[in-house]
Amino acid sequence: MKRLYLFISVLLWAVASMAQPSWVKKATKSVFMLKTFDDKGSLLASSCGFFTGSQGEAVSSFTPFKGAASAVVIDVQGNEFPVACMLGANDTYDVARFRVTAKKTVPLTIAATNAATDAPVWLLPYRETKSLPQGTIRKAENFRQDYAYYTIALNMPEGYASCPLLNEAGEVVGLMQQPYRQDDTLSYAVSARFADSLAINGLSINDQTLRSTSIKKDLPKELDQAVLTLYLAQVSLDSVAFSQLLADFIARFPNAPDGYTYRAEKATAGKHFAEAARDMEQAIRVADRKDEAHFTYSKLIYQKEIYMPNDAYDGWSLDKALEEAREAERINPLPLYRQQQAIILYAQKKYAEASDIYATITGSELRSAGLFYEASRCKAAQNDTVGRLALLDSCVAMFSKPYLKEAAPYLMVRAQALLDAGKFRLATTDLNEYEKLMQTTVNANFYYLRFQTEVGGRLYQQALNDIDQAIKMMPEYDLYYAEKASLQVRVGLYDEAIATANECIRIAPEYSDGYLFLGIAQCLKGQKTEGVKNLQRAKELGDPQANSLIEKYSH
């Protein structure tokens, strides 16, 4: 009888061992309950998950995080830890990786390789039961080359989604997925290695999956990626969130100047100049490339002095900006730093000094259309027409024909310079090239400008065509009719001038221009009585030319 009892005891122990592997007691410490909340603190969703790292790193489903403003995890001992930040997410496989505030966590060991077909696996729930659900891998489909999506012969109990799936060695192979149907005899899991591989990079700040949760996102581990995050965050985050991101960056990378320079720029925009100055001085102290930090400081002061001149700060001036640019050049004599000095000198109206600097760098690696344009502005300020046009010729020469749209602004600038110099036909040529490039965006003002240029160059038919185009675009603008009538009078088209002047009067009956050109055209055509009457009306409306014309045509 004793032997029978002993046999039954051994049999029961064996069955129990099969139902509950030896690793269960330790592994269960890694599984937790996840709860997410909306911005009002109301419960949004619940799920399970498990720790994958000793510093609070964990994985779970991503679905509970959608629309969430905060989240907590509750471990098997009932300890509650807030979710500090998201470390990655994938909506396709419904996986999230995140970090909680716990100082030390017990992670599951993640299997180094995918589980094989027909391998036995166990499902480990939150606060495990005496008998773990056991199944068999039926299919392991590879995705992203190295990861597996598992189909398991297992009827997963309700509420077990996001729990870990472990192999015989107690290594986690998968994260359980939400079943298609609760009575399904098959279950599914995504590779735990894939879940644990999710990471933040510089572009993650614009990732639509991560943006669907308001929980803070972690910074990338790599400095260059974290700097990219700062660059993108300037326009994608609100002021409060960006300030927090800057604080996180500086805490993680205290010896990188970027966090201080971005924070200085933000402080400057908020007119907190003393704070900005302190951050820039710290950036210079920690920077490996101090010339770059001095250059950044110079640009920051310059921008403030140009765009916020009425907000005085004793420590900053254009002289200080120039000093920082010169210090950058002293450390590393780059043409870029000399260009910055020229920009500042131009702002100080020291045009000759700025011009001299431009002359030394137009042959450097900075040589570009933009640089020649900057140099031409110095010559324009010195009333050096020849020098200005020579530099603008070099500017346009940086582009080859047929021109691309990038040349358009410089063609317009040169056209204006040629117009100022009285070189009307050359100016017209540049305006023609500009029109070819900007056909879909040119407006009535452009055609009016070219009309004036063509009149100056005695290209009267082209001028009439352009003023017609301007009128077509702005048919109720009386100035264009007055200009057209003036030119028609000038070239002897009196009947046409009379018709145009009448249109001008229809649009603006209380202005003198229409009556003036109507009267002139009528007088020149021999209709002096009617003409003088219209000139008299122009005089009554305040036209200064009308009186002398009345005297001329009244005899």
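1. Start with R138 and D118: in this predicted model they form a salt bridge, with the closest N and O atoms 3.6 Å apart. The pair ties together distant parts of the chain, since R138 sits in strand β8 (residues 134-143) and D118 in the loop between β6 (95-100) and β7 (120-123), 20 residues apart. On the solvent side, R138 is partly exposed at 45% relative accessible area, while D118 is exposed at 55%.

2. E324 is worth a look, as its relative accessibility of 5% counts as buried.

3. Helix α16 (residues 424-437) holds K436 and E433, three residues apart, or about one turn. Their salt bridge has its closest N and O atoms at 3.8 Å. Here K436 is exposed, at 56% relative accessible area, whereas E433 is buried, at 16%. Elsewhere, salt bridges with shared partners join E435, R450, E454 and D466 into one network.

4. D466 also turns up among the buried residues of α18, along with A463, L464, I467, A470 and I471. Viewed down the helix axis, the buried residues fall within an arc of 165°, so they line one face of α18. Their cover includes α17 (444-456) and α19 (478-490). As for geometry, α18 (residues 460-473) has 14 residues and spans 20 Å from first C-alpha to last, close to the 20 Å expected.

Conventions
Residues are numbered from 1 along each chain as its sequence is written. This is a predicted model: local features need pLDDT of at least 70, side-chain atom pairs count only at pLDDT 80 or more; totals for chains, interfaces and linings use all residues. Side-chain values use heavy atoms; hydrogens and water are left out. Helices (H or I, at least four residues) and strands (E, at least two) are DSSP runs, numbered from the N terminus. The expected span of a helix is 1.5 Å times one less than its number of residues. Buried means under 20% relative accessible area, exposed over 50%, partly exposed in between (1.4 Å probe, protein chains only). The arc is that of the directions from the helix axis to the C-beta atoms. Contact means heavy atoms within 4.5 Å. A salt bridge is a side-chain nitrogen of Lys or Arg within 4 Å of a carboxyl oxygen of Asp or Glu.
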